Amino acid sequence: MNTLENILQEIDMEKGYNLLTKREKDIIALYYLGGYIDKEIASFYGLTQQAINYIRKKGINKLKVF
């Protein structure tokens, strides 16, 4: 998951990264860097696909602020 942090640091978004919860960081990394879809991530976490989508979008919105 350090890869996500490194990418965000390179594009000057590390302040936003620090606002993310561990779960948001993990889900964003799995989705964008790991190539997993929401359904696969949901299965891994034992959550619904909709919950994963919500968590991911909430995290992305935190990054957009910075």
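A salt bridge is defined here as a side-chain nitrogen of Lys or Arg lying within 4 Å of a carboxyl oxygen of Asp or Glu. By that criterion the structure holds four salt bridges. The model is predicted, with local features requiring pLDDT of at least 70 and side-chain atom pairs counted only at pLDDT 80 or more, whereas totals for chains, interfaces and linings use all residues. Residues are numbered from 1 along each chain as its sequence is written, and side-chain values use heavy atoms, with hydrogens and water left out.

**Figure 1. Overall fold of the protein.** The protein contains five helices and zero strands, where helices (H or I, at least four residues) and strands (E, at least two) are DSSP runs numbered from the N terminus. The order of elements from the N terminus is α-α-α-α-α. The C-alpha trace spans about 30 × 20 × 15 Å along its principal axes. The radius of gyration of the protein is 11 Å, which agrees with the value near 11 Å for a compact globule of 66 residues; this radius is taken over C-alpha atoms, and the globule rule is 2.2 Å times the number of residues to the power 0.38. Of the contacts with a separation of 6 or more, 56% join residues 24 or more positions apart, contact meaning heavy atoms within 4.5 Å.

**Figure 2. Surface and burial.** The accessible surface of the protein comes to about 4,500 Å², and carbon and sulfur atoms hold 52% of that area. Accessible areas come from the Shrake-Rupley method with a 1.4 Å probe, and for residues only the protein chains shown count as cover. Of the 66 residues, 32% count as buried; buried means under 20% relative accessible area, exposed over 50%, and partly exposed in between (1.4 Å probe, protein chains only).

**Figure 3. Asp 38 and Arg 56.** Asp 38 lies in helix 4 (residues 38–45) and counts as buried because its relative accessibility is 8%. The side chains of Arg 56 and Asp 38 meet in a salt bridge (2.8 Å, N to O). Arg 56 belongs to helix 5 and Asp 38 to helix 4, so the pair ties together parts that are 18 residues apart in sequence. Both Arg 56 and Asp 38 are buried. The side chain of Asp 38 also makes a polar contact with the side chain of Asn 53 (3.2 Å). A polar contact is a pair of N or O atoms within 3.5 Å; within protein, one must be able to donate a hydrogen and the other to accept it, and residues adjacent in sequence count only if both atoms are side-chain atoms. Leaving aside neighbours within four places in sequence, Asp 38 is in contact with Tyr 31, Gln 49, Ile 52, Asn 53 and Arg 56.

**Figure 4. Surroundings of Tyr 31.** Tyr 31 is found in helix 3, and its relative accessible area of 28% makes it partly exposed. Not counting residues up to four places away in sequence, Tyr 31 touches Tyr 36, Ile 37, Asp 38, Ile 41 and Arg 56. Tyr 31 and Met 13 are 18 residues apart in sequence, and their C-alpha atoms are 18 Å apart in space.

**Figure 5. Salt bridge between Asp 26 and Lys 22.** The closest N and O atoms of Asp 26 and Lys 22 are 2.9 Å apart in this salt bridge. About one helical turn separates Asp 26 and Lys 22, because they are four residues apart in helix 3 (residues 22–33). Asp 26 is buried, with a relative accessible area of 11%, whereas Lys 22 counts as exposed at 61% relative accessibility.

**Figure 6. Salt bridge between Glu 24 and Lys 62.** In the salt bridge of Glu 24 with Lys 62, the closest N and O atoms are 3.0 Å apart. The pair links distant parts of the chain, with Glu 24 in helix 3 and Lys 62 in helix 5 (residues 49–64), 38 residues apart. Glu 24 counts as buried at 1% relative accessibility, while Lys 62 is partly exposed, with a relative accessible area of 24%.

**Figure 7. Nonpolar surface patch.** Ile 7, Tyr 32 and Leu 33 form a nonpolar patch on the surface, with about 280 Å² of accessible area together. Patches are made of residues with over 30% relative accessible area and no salt bridge; like charges are joined within 9 Å, and nonpolar side chains (Val, Leu, Ile, Met, Phe, Trp, Tyr) within 5 Å. Ile 7 is found in helix 1 (residues 2–10) and counts as partly exposed at 34% relative accessibility.
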